[in-house]
Amino acid sequence: MEEAQGAMQVTETLSEGLKRQYKVVIGAEEISGKVQGKLDEIRAEARLPGFRPGKAPPALIRKRFGASVLSEVLQSALNDASQQALEERNLKPAMQPKIDIHTTIDESYIENVKDLEYDLNVELLPEIEPIDFSTVSLERLDVEVPEEEVQGALDRMAAQQRKTEPLAEPRPAANGDVVVIDFEGLVDGKPFKGLSAEDHHLELGGGEFVEGFADQLVGVQKGDEREVTVTLPENLGNPALAGKQAVFKVTVKDVLQVVPVPLDDESAKNFGAENLEDLKAKVREAIAGEYARGSRSLIKRQLLDKLAEGHSFPVPPGMVDMEFEAIWRRIEQDKAAGRLDEEDAGKDEETLKAEYRTIAERRVRLGLLLADVGQRNSVEVTNEELQQALGQEMRNYPGREQDVLDFYRKTPEALTNLRGPIFEEKVVDLIISQAQVSPRTVSPEELKQAIDGLDEEKGASAEAEPAAS
């Protein structure tokens with residue numbers, strides 16, 4: 001079928017599934033007119049040596065500026081004609097359309113302008129009819145925070161506040177004590193920078209310093225001198241010393257005992273609480289939040305599985321190709337690093353590619369579905385939500401917050417990547433709110449087992465999460 005729109009002709013040459021191809025012809029007369037119009041504008045303003053403004057010969061203007069003007073006009077003509085062809089047919093492309101130009105564009109083209117012929121290749125968004133979400137049944141696992149877990153967290157917080165004090169009675173140092181030492185390390189009888197210190201506080205049994213060093217100080221007392229022999233580690237920071245044997249001359253200046261500081265109303269303020277009861281409430285809330293996030297991941301996976309089962313609309317092949325390529329790059333990286341799942345490691349490449357292409361298709365379908373549901377329900381990501389996500393991203397890079405902020409300010413597409421997951425979560429919450437959700441109280445161990453089982457599924461992250469919309 002051929003349609004003429006003024007100086008443009010459009011002929012549909014392919015209609016197969018979501019793929020469309022159109023042969024587009026833009027008349028030579030229209031292109032010539034636009035080129036000449038641009039050259040006339042340039043001539044009126046151009047200041048060339050030997051000529052007053054507006055008086056330079058047209059041939060000189062064409063020679064000087066013709067190539068750049070032609071490039072600009074052709075690009076504009078391609079964009080405008082393609083956009084017009086899509087709008088007049090009410091087509092909704094899933095991706096940027098591809099353009100294949102058939103007309104030869106060379107140095108002689110500007111002197112002998114011909115019709116511009118090209119193929120416009122488009123993959124369309126599918127028609128999507130979401131299922132009735134009220135028919136979806138989901139189970140939510142709830143956990144009541146055990147009192148002993150709250151107390152355990154409080155005990156760990158109390159341990160962070162411990163202090164050291166001199167021994168009430170002199171005795172040999174034991175694991176858990178802190179010795180105050182001066183030391184000098186010698187390698188081949190020579191001292192090296194970085195192997196000496198004064199008034200160094202070393203906790204015995206705390207795993208600090210070079211392996212085996214602290215163990216040889218168990219039993220020392222204040223005033224003792226001792227030689228400690230160890231093998232220096234590879235990560236010491238000085239390649240010349242890596243793996244070498246070192247002898248440390250150690251003087252014990254004091255032995256201190258570690259004294260716990262119990263949590264009370266006053267010490268609770270060190271953790272941002274008003275008093276001990278407020279701290280307990282905050283700890284309980286934090287633990288409950290962790291369990292809630294785990295439960296959320298499980299119910300989201302349930303939902304995505306049921307959405308995938310309930311929808312079978314076609315998906316654009318180009319989007320599947322892009323998603324598959326992204327997944328496959330990760331698979332190849334895992335393979336090179338020896339992290340490939342045991343199940344995958346036993347399969348040939350052809351089988352693996354077929355399986356992960358199916359996963360890619362699922363992800364694209366879910367992504368399109370969630371985008372459609374979000375649009376139907378006017379789901380939007382607020383600027384406040386976006387700023388919160390940006391703040392979290394900045395906190396992921398301590399000391400480089402300003403660099404992260406500058407990057408997102410200069411890179412709009414990066415902000416889009418932040419927006420996608422927020423949009424997805426809001427749409428998932430919307431669907432869950434319409435579904436039939438049955439709560440079931442479980443123990444922390446049962447929730448953990450359920451989450452571990454989810455993580456152990458082959459390709460769990462790739463299979464579960466739709467592409468960000």
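Helices (H or I, at least four residues) and strands (E, at least two) are taken throughout these legends as DSSP runs, numbered from the N terminus. The model is predicted, so local features need pLDDT of at least 70 and side-chain atom pairs count only at pLDDT 80 or more, whereas totals for chains, interfaces and linings use all residues. Residues are numbered from 1 along each chain as its sequence is written, and side-chain values use heavy atoms, with hydrogens and water left out.

Figure 1. Glu 123 belongs to strand β5, which covers residues 116–123. The residue counts as buried because its relative accessibility is 16%, where buried means under 20% relative accessible area, exposed over 50% and partly exposed in between (1.4 Å probe, protein chains only). Leaving aside residues up to four places away in sequence, Glu 123 touches Leu 18, Lys 19, Lys 92, Pro 93, Ala 94, Met 95, Pro 316, Pro 317, Gly 318 and Met 319, a contact being defined as heavy atoms within 4.5 Å. Val 315 lies 192 residues from Glu 123 in sequence, yet the two C-alpha atoms are 9.3 Å apart in space.

Figure 2. Buried positions in α3 are Val 150, Gly 152, Ala 153, Leu 154, Met 157 and Ala 158. These buried residues pack against α4, which runs over 276–310. An α-helix has 3.6 residues a turn, so residues three or four places apart point the same way.

**Figure 3. Helix α10 and the elements that cover it.** Helix α10 comprises 23 residues, 412–434, and reaches 34 Å from its first C-alpha to its last, close to the 33 Å expected at 1.5 Å a residue. Its buried residues include Ala 414, Leu 418, Gly 420, Ile 422 and Phe 423, together with Glu 424, Val 427, Val 428, Ile 431 and Ile 432. Among the elements that cover these buried residues are the strands β6 (137–143) and β12 (436–442), as well as the helices α4, α7 (349–376), α8 (383–395) and α9 (401–410).

**Figure 4. Gly 33 in helix α1.** Gly 33 is placed in helix α1, which covers residues 28–45, and its relative accessibility of 42% is why it counts as partly exposed. From Gly 33 to Val 73 the separation is 40 residues in sequence and 9.9 Å in space, C-alpha to C-alpha.

Figure 5. With a relative accessible area of 70%, Asn 90 is exposed.

Conventions
The expected span of a helix is 1.5 Å times one less than its number of residues.
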